[in-house]
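Trainee: Could you walk me through this model? I am new to it and would like to begin with a single residue.

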Amino acid sequence: MEPYLSYLFIAILLGVYLANVPVMVIIERKLSAWLQYRVGPNRVGPFGLLQPMADAVKFFSKEDIIPTHVNRWLYLVAPALMVFPAFFVFAVIPWGVLTIGGKDILIQIGKTNI
C-alpha cells in the first residue's frame with residue numbers, strides 16, 4: 001500500500017472512531033435513564049443532543065489538580081500511553097480490498113504475516 005494511502009486511511013478511521021464517541025455517550029445516558037426509570041439528558045438542546053458539548057465544556061473548565069508526590073510528566077502522559085495501544089490494534093485488521101483502475105488496494109494499515 002502506498003504510504004499516503006495508509007496515512008489517509010488512518011485519519012479516516014480515527015475520525016470515524018472519535019466521531020462515534022458523542023453518539024455513544026448519548027445512547028448510553030438515554031439507555032441508563034430508561035433502565036433506572038428517571039429523566040435522562042434532555043435539558044441541553046433538542047432531545048439532549050448537546051449533552052456531549054456540555055460535558056466537554058465542563059471537562060475543560062475543571063481545575064487541573066496534580067498531586068505533589070508524582071512525576072508530573074508521567075502523570076500527564078499516562079492517559080495517552082493507554083489510548084495508543086487501543087488504536088494500534090485496529091492497524092492490523094484487514095478492512096477489505098478497494099479496486100481503483102484495475103489495481104487492488106488492500107485496506108489495511110499494517111501488514112503482518114499471520
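Mentor: Met82 lies in helix H3, which covers residues 72-88. Helices here are DSSP runs of H or I with at least four residues, numbered from the N terminus. This is a predicted model: local features need pLDDT of at least 70, side-chain atom pairs count only at pLDDT 80 or more, and totals for chains, interfaces and linings use all residues. Residues are numbered from 1 along each chain as its sequence is written, and side-chain values use heavy atoms, with hydrogens and water left out.

Trainee: Is Met82 buried or exposed?

Mentor: Met82 counts as exposed because its relative accessibility is 63%. Buried means under 20% relative accessible area, exposed over 50%, and partly exposed in between, with a 1.4 Å probe and protein chains only.

Trainee: Which residues make the nonpolar surface patch?

Mentor: Trp73, Leu74, Leu81 and Met82 make a nonpolar surface patch of about 480 Å². Patches are made of residues with over 30% relative accessible area and no salt bridge; like charges are joined within 9 Å, and nonpolar side chains (Val, Leu, Ile, Met, Phe, Trp, Tyr) within 5 Å. The areas come from the Shrake-Rupley method with a 1.4 Å probe, and for residues only the protein chains shown count as cover.

Trainee: Where is the kink in H3?

Mentor: The kink, of about 40°, lies at Ala78, shortly before the proline Pro79. The bend is the angle between axes fitted to the seven residues ending at a residue and the seven starting there.

Trainee: Turning to salt bridges, how many does the count come to?

Mentor: The count comes to 1 salt bridge, where a side-chain nitrogen of Lys or Arg must lie within 4 Å of a carboxyl oxygen of Asp or Glu. The side chains of Arg29 and Asp55 form it, at 3.2 Å from N to O. This pair links distant parts of the chain, with Arg29 in helix H1 (residues 3-35) and Asp55 in helix H2 (residues 51-61), 26 residues apart.

Trainee: And how accessible are Arg29 and Asp55?

Mentor: Arg29 counts as partly exposed, at 30% relative accessibility. Asp55 also counts as partly exposed, at 23%.

Trainee: What about Asp64; where does that residue lie?

Mentor: Asp64 lies in the loop between H2 and H3. At 59% relative accessibility, Asp64 counts as exposed.

Methods
Helix = DSSP H or I, 4+ residues; strand = E, 2+ residues; numbered from the N terminus.
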